[in-house]
Amino acid sequence: MRRKIPSSGALVAFEAAGRHESFSRAAEELNLTEGAVSRQIGRLESYLGVLLFSRVKNKVHLTEDGQLYWEQVRSDLERIEAHTLNLIGRPSEGGVIELAAIPTFTNRWLIPRLPDFCARHPGITINISERPDPFLFADSPFDAALHFDHPAWAGMLRDTLFGEELVPICSPKLTGGRTFASLSDISNFVLLHKRGRWDGWRNLFLHAGLDHLNPAGGIRYDLFTMIIEAARAGLGIGLVPRLYVAQEIQRGELLIPFEVRLPEEKTYCLIYPERKIGSWPLNVFVSWIGEVSRNYVLSRH
């Protein structure tokens with residue numbers, strides 16, 4: 001059955017005209033005449049039976065229906081363009097993996113290890129996009145996601161990598177380069193919190209038997225990277241994943257004032273839909289990341 005889809009030329013002209021709310025600027029962008037763009041829009045409106053633009057004198061504005069349709073068309077055209085560019089740029093031997101990932105985890109853990117993957121598999125390209133929250137694979141261009149385990153991933157295949165290990169960190173200048181004799185010494189310092197992870201300090205104090213300490217006081221930040229920089233600046237003591245600060249600790253820029261092992265509350269996973277099992281590039285990546293994760297866990301202990 002023939003699909004009920006307008007011509008691609010009309011959709012491209014409509015997207016540009018809607019973005020600029022100007023037929024003349026759309027024509028300039030598309031290297032067409034203003035009359036050609038106007039005719040494309042007219043044919044599209046006739047095809048749909050809907051008025052997409054209101055026309056007042058020499059100005060055009062998207063109607064309510066036009067705005068909704070424009071948002072959908074823009075998203076679909078961007079997705080088609082991305083798929084097209086990926087196919088054009090695909091190596092003659094190998095493949096491309098579209099990976100969604102948690103940004104800080106990617107910057108601090110994955111990317112420093114990717115040169116090893118590239119050296120072993122030079123024909124496979126990994127494109128990485130930031131996705132801090134779970135999403136539906138069916139509505140995305142992604143082959144897999146590096147993310148926390150979450151009920152939203154139900155129905156997907158999940159390869160467990162390792163648990164998140166939180167540690168307290170601060171500038172050595174804050175404590176004079178000394179570690180604490182007891183975790184209770186932390187009550188003399190400002191606590192740095194991550195918004196959305198309000199229970200971090202509370203769980204640490206409960207785990208250490210210090211439930212009399214107030215876990216709620218201190219400064220709050222949106223991102224772990226902000227907490228890390230605040231700790232480096234001597235603003236207080238933060239609680240962050242150990243893997244995010246491994247280099248700073250090694251260089252002596254940050255200090256773990258008291259070693260305490262919290263039960264791992266979150267688990268990093270590689271998530272992908274079952275239909276991707278037959279993808280050779282993804283299978284290679286699954287095998288590689290499983291290996292480097294096991295090596296990381298061994299080195300951590």
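Helix 7 spans residues 200-207, and its buried residues are Gly-200, Trp-201, Asn-203, Leu-204 and Phe-205. The cover over these buried residues includes three strands: strand 7 (166-169), strand 8 (191-194) and strand 10 (237-241). Just past the end of helix 7 comes Gly-209, with a positive phi of about 75°. The model is a predicted one.

Now step back to the whole chain. It is divided into domain 1 (8-89), domain 2 (95-155 + 268-299) and domain 3 (166-251). Domain 2 is written as two segments, 95-155 and 268-299. Between the C-alpha centres of domain 1 and domain 2 the distance is 35 Å.

Next, helix 5. This helix covers residues 103-120 and holds Thr-106. Is Thr-106 buried or exposed? Its relative accessibility is 5%, so Thr-106 counts as buried; the cut-off for buried is under 20%. The Thr-106 side chain has a polar atom 2.7 Å from the backbone oxygen of Ile-102. Leaving aside residues up to four places away in sequence, Thr-106 touches Ala-101, Ile-111, Pro-112 and Ile-128.

Val-190, Ile-219 and Leu-235 make a nonpolar patch of about 220 Å². One of these, Ile-219, lies in strand 9, residues 219-221. With a relative accessible area of 33%, Ile-219 is partly exposed.

Charged pairs come next. Side chains of opposite charge can pair when their charged atoms come close. How many salt bridges does the model contain? The count comes to 15.

Lys-276 forms a salt bridge with Asp-143, and the closest N and O atoms are 2.7 Å apart. Where do the two partners sit? Lys-276 is in the loop between strand 11 (267-272) and helix 10 (280-300). Asp-143 is in the loop between strand 4 (124-130) and strand 5 (144-148). The pair therefore ties together parts that are 133 residues apart in sequence. Lys-276 has a relative accessible area of 18%, so this residue is buried. Asp-143 also counts as buried, at 10% relative accessibility.

A second bridge joins Asp-149 and Arg-158, with 2.8 Å between the closest N and O atoms. Are these two residues buried or partly exposed? Asp-149 is partly exposed, because its relative accessible area is 39%. Arg-158 counts as partly exposed too, at 36%.

Glu-229 counts as partly exposed at 40% relative accessibility. Arg-232 is partly exposed as well, with a relative accessible area of 35%.

Key: Residues numbered from 1 in each chain as written. Predicted model: local features only at pLDDT ≥ 70, side-chain atom pairs only at ≥ 80, totals over all residues. Heavy atoms only, no water. Helix = DSSP H or I, 4+ residues; strand = E, 2+ residues; numbered from the N terminus. Buried < 20%, exposed > 50% of the residue type's maximum accessible area, 1.4 Å probe, protein only. Polar contact = N/O pair within 3.5 Å; in protein donor to acceptor, adjacent residues only side chain to side chain. Contact = heavy atoms within 4.5 Å. Domains from an automatic or database assignment. Patch = residues over 30% accessible without salt bridge, like charges linked within 9 Å, V, L, I, M, F, W, Y side chains within 5 Å. Areas by Shrake-Rupley, 256 points an atom, 1.4 Å probe, with all protein chains shown as cover. Salt bridge = Lys/Arg side-chain N within 4 Å of Asp/Glu carboxyl O.
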